[in-house]
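Please read the following report beside the sequence and the model.

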Amino acid sequence: AFLEENEINKFNSDFKMIADYYYQKRNKGSYDEYSKQVLKYPHQAFCMLSVLTGDNSFEIAYNDYEETHKDDKEVTMEKILDTLMNKGRLEGETRGRFETLTKNLKSLISKNHTFEESCELLDVDEETKEKLLETGEFSVDSFKQAFN
């Protein structure tokens, strides 16, 4: 973490990416300029980052990338973490839409619409209805408790 940028740039091995991670975290407070260096041992580098940081998302990101990009011979930190960030952003957007839908359904139900009527008014598909019911927030018991 305390190496200077010019010292880090002298490294040619995968360790350069790890040193750069710590340099950015110390000097910028975040790691957002991903290395474009092709990694010789990407799995080992990401496992090492997971161990050193205590954050297993590095290893998970590598494994996810490896599963979907098996033929990619030039693996970089940038490719793997961009994939992770995009996946996280999409999951967050989906979660947000689901929470908004849940809120709107509860509002309609509180105005004496049934769950089915509310879903129809909001044009909810069958798969999403099943996911909503699996949460347990739309069971008969949950509404008895909420309105008593």
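In helix H4 the buried residues are Phe58, Ala61, Tyr62 and Tyr65, where buried means under 20% relative accessible area, exposed means over 50%, and partly exposed lies in between (1.4 Å probe, protein chains only). These residues cover an arc of only 100 degrees around the axis, which puts them on the same side of H4; the arc is that of the directions from the helix axis to the C-beta atoms. Helix H4 runs over residues 57–68, and its 12 residues reach 16 Å from the first C-alpha to the last, close to the 16 Å expected at 1.5 Å a residue, the expected span being 1.5 Å times one less than the number of residues. Helices here are DSSP runs (H or I, at least four residues), numbered from the N terminus.

This is a predicted model, in which local features need pLDDT of at least 70 and side-chain atom pairs count only at pLDDT 80 or more, while totals for chains, interfaces and linings use all residues. Residues are numbered from 1 along each chain as its sequence is written, and side-chain values use heavy atoms, with hydrogens and water left out.

A nonpolar core is a set of buried Ala, Val, Leu, Ile, Met, Phe, Trp, Tyr and Cys residues joined through side-chain atoms within 4.5 Å. The largest such core has 17 residues, of which Met17, Phe46, Met77 and Leu81 touch the most other members. Two or more residues of this core come from each of helix H2 (15–28), helix H3 (42–53), H4 and helix H5 (77–110), and the largest share, 4 residues, comes from H4. A second, separate core of 8 residues includes Leu101, Phe115, Leu132 and Phe138. Leaving aside neighbours within four places in sequence, Phe46 is in contact (heavy atoms within 4.5 Å) with Leu39, Phe58, Glu59, Tyr62, Met77, Ile80 and Leu81.

Aromatic rings of Phe, Tyr and Trp (its six-membered ring) pair if their centres lie within 6.5 Å, and their planes count as stacked when under 30 degrees apart, as edge-to-face when over 60, and as tilted otherwise. By this rule the count comes to 7 aromatic pairs. Phe11 and Phe15 form an edge-to-face pair, with 5.1 Å from centre to centre and 70 degrees between the planes. Phe11 is partly exposed at 27% relative accessibility, and Phe15 is likewise partly exposed at 38%. Elsewhere, ring pairs link Tyr21, Tyr22, Tyr31, Tyr34 and Phe58 into a cluster.

Side chains of opposite charge can pair when their charged atoms come close. A salt bridge is a side-chain nitrogen of Lys or Arg within 4 Å of a carboxyl oxygen of Asp or Glu, and the structure holds 7 of them, including those in the table.

| Salt bridge | N to O distance |
|---|---|
| Glu137 and Lys106 | 2.4 Å |
| Glu126 and Lys129 | 3.0 Å |
| Glu127 and Lys131 | 3.5 Å |

Glu126 and Lys129 are separated by about one helical turn because they are 3 residues apart in helix H7. Glu126 is exposed, with a relative accessible area of 52%, whereas Lys129 is buried, at 11%. Glu116, Glu126 and Lys129 are linked in a network of salt bridges. Glu127 and Lys131 also lie in helix H7, 4 residues apart, about one turn of the helix.
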